[in-house]
Every structure is written in C-alpha cells, then in structure tokens.
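Have the structure open while you read.

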Amino acid sequence: MTQRPPILVTRAVFPEVVASLREHFDVETNDADDIWTPAQLIERLQGKVGALTSGAERIDAALLAACPELRIVSNLAVGYNNFDVPAMTAAGVLGTNAPDVLTETTADFGFALLLATARRLTESEHFLRAGQWKKWGLDLFAGADVHGATLGILGMGRIGQAIAKRAAHGFDMPVIYHNRSRLDSATEAKLDARYVSKNELLQQADHLMLVLPYSAESHHAIAAAEIALMKPTATLINLARGGIVDETALVAALRDRRIAAAGLDVFEGEPKINPALLTVPNVVLTPHIASATLKTRRAMAQLAADNLMAYLTKGAALTPVNAGLIKPR
Ligand code: 8YV
C-alpha cells in the first residue's frame, strides 16, 4: 500500500469528518481536545503536509520555518486573523478558511444577541432566578425596541448582509452600514441598506453590530472616541473578534451609561474574560457561539476537511485565501 500523506487535526472534530480525511491521509488527531502551546503544535506538525486548525492557532513565519513539509493550513473558521498571510505566501503555504456555510446561522445569532441585549433578557433572568422578583412593575426591565430602530452594521460582508436582510425585511429596521468598500447599488437596493461614513454610523445607529474582519487596521476600531459618538440609548453587539473593541473603554462606558448596553460573543483574550466585564450588569456575554449549531459546525468542519483533500489530492482548494499568490512548496 502506498503511504498516505500525513496530516494533523489540531482540535477534536466530528468523527465522520475525521473518517473522510482517513480515506486519503494518515491523520493524527487531538481526541483529548488539548490546547497546545506553539512549541507543542510545531512538534506535532513535524513531517505533516497539512493541518486542520480551529482558527485560534497562530500560523506565522517561525512556525512555517520549523515545519518545512507543511503545504496547507485549513482553518475551521471564516475568520483567519490567526494566519500571517504574507508569511504563508512567502513560504509557499496555502491558507484556506470556511466561509458561507456559517453565514445564516451567525446572522441568526446576531439577532439573538441583539434582542437579548436590547430587551435585557439575561439580566432579568438572573434577577428572577435569584428570587428577587417580588412584584410586577411598569418599567421592570424595560429595554429598547429592536423593530423599527436604526441598525448600524460595521463590516458589510456575507454575514453583515444576512443581518441586514433580517433587519430590513423582518424587523422593519432602517439599515445603515459602513465598510471598506461600498456595495454596488443593486445590492444596496436589494438589502435596503444605506452607506454612511463611520462617524455617521456611530452617531445614527440605535443598535450597532460589528461583523468586520479583525486585522491591525481594525484593532480597537471601537474605542473611547468612537463610543463617545454613539447615542446614550444605543446598544453595541460584537460578533466578530474581541480585539475590535477596546474592552476597558467599553466597560467604562457601560458603567457610566454612556451607552445603554452591549452584547459580546468574542473577547480580547478569550477564553479569558476581562474581570471588569463581569461586574457590569448591562452586558450580555456568550462564549464565541455565533456559528454554533450542530448542522453548521459540521458543515464548517467538513469544508475545512474538503479543502485539505481538494488541495492535497487535486492541487486546488475550494476556499483559499492566498491562492494565485503562492509558489507552492
Ligand atoms: C468559529 C468564527 O466557530 O468562523 C469564525 O471566524 O469566529 C467562529 O464561527 C471559530 O472561529 C472557531 O474557532
């Protein structure tokens, strides 16, 4: 029997996905789902031609130099801020991500988090569970309306557009957005979304949703100066990456009620949470689960596996991030 190319799956993934990989590769898995240090990751990557990563493992020049056999890293995530793309390109290593299959699920969660935040769902549930509900009151946990309110979307890619569709067509919300590049007029008309400057977005949104990719450019895109432009009644929802928001500035703003509330699915040092965030009541916190339905997580894992198979067996990946740029190893 000819030897199969060796690959590494860095986190525990669905058995049927591993089985599909085993049809083509000699697969090393991490069934204990341990979190490896960069040195442990490098050790396990020795001799491997491919890796299926979760999106948290840093793939940089040092790792690439230490793993000369590696030809492809396939992220089980649409975001790939864990990739140093120029370093991968220079090393001739292909990077792939897992777009599209999570778009609608993540947009659903955007609304779940927005509704929970604006309508004070978790805060009121904690109050009830703690036995503090003694009488009904006219303004008991009165929050902000979502329907009819102006939704601001920062980052108008696939997920931003799926959120806009729900907002305009399901919740009668005027939708404004800001993005690096403006959508074409047909798409804007279809979505019923209006392009504005970043400052106008901050000033006019009743609810602001962050769905932009994380990069050096978007680091702390929402900090004290940006929050100061927002309405005192506004809510801020972050579905993208923690580093986009300056959490220290956000905690101060929530505490002083400079904005009404925030809903966060992602955090600067996750899974560690800034302890100050846990002390403010007007924030809803979830552990990076926006794409977490079993159907979608299975589809993401299978797409990540399919990328490895397509590239290593046929030479062309399905959803590459630096194809055409690299001279393959
Ligand atoms: C992933 C995500 O579940 O796809 C992304 O970019 O943020 C999530 O959907 C997560 O990154 C997996 O590590």
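## Two helices side by side

Helices H1 and H12 run roughly parallel to each other, a label for angles under 35 degrees. This is a predicted model, where local features need pLDDT of at least 70 and side-chain atom pairs count only at pLDDT 80 or more, while totals for chains, interfaces and linings use all residues. Residues are numbered from 1 along each chain as its sequence is written, and side-chain values use heavy atoms, with hydrogens and water left out.

H1 covers residues 15–22 and H12 covers residues 294–314; they pack at about 10 degrees, their axes 9 Å apart. Axes here are lines fitted to C-alpha atoms over the stretch in contact, with angles running from 0 to 180 degrees between N-to-C directions. Helices (H or I, at least four residues) and strands (E, at least two) are DSSP runs, numbered from the N terminus.

On the H1 side, the contact (heavy atoms within 4.5 Å) uses Glu16, Val17, Ser20 and Leu21, and H12 brings Arg298, Ala301, Gln302, Ala305, Leu308 and Met309. Sorted by class, that makes six nonpolar, two polar and two charged residues.

## Around the ligand

| Residue | Protein atom | Distance |
|---|---|---|
| Val78 | backbone N or O | 2.7 Å |
| Gly79 | backbone N or O | 2.8 Å |
| Ser291 | side-chain N or O | 2.7 Å |

Taken alone, the ligand exposes 330 Å², and the protein buries 82% of that (Shrake-Rupley method, 1.4 Å probe).

Glu270 and Pro271 are joined by a cis peptide bond, with omega about 10 degrees. Pro271 sits in the loop between strands E11 (261–264) and E12 (283–285). Phe141, a non-glycine residue, has a positive phi near 50 degrees, and lies in the loop from helix H6 (121–129) to strand E6 (151–154).

Definitions and conventions: A polar contact is a pair of N or O atoms within 3.5 Å; within protein, one must be able to donate a hydrogen and the other to accept it, and residues adjacent in sequence count only if both atoms are side-chain atoms. Angles under 35 degrees count as roughly parallel, over 145 as roughly antiparallel, 65 to 115 as roughly perpendicular and the rest as oblique. Ala, Val, Leu, Ile, Met, Phe, Trp, Tyr, Cys and Pro count as nonpolar, Asp, Glu, Lys and Arg as charged, and the others, Gly among them, as polar.
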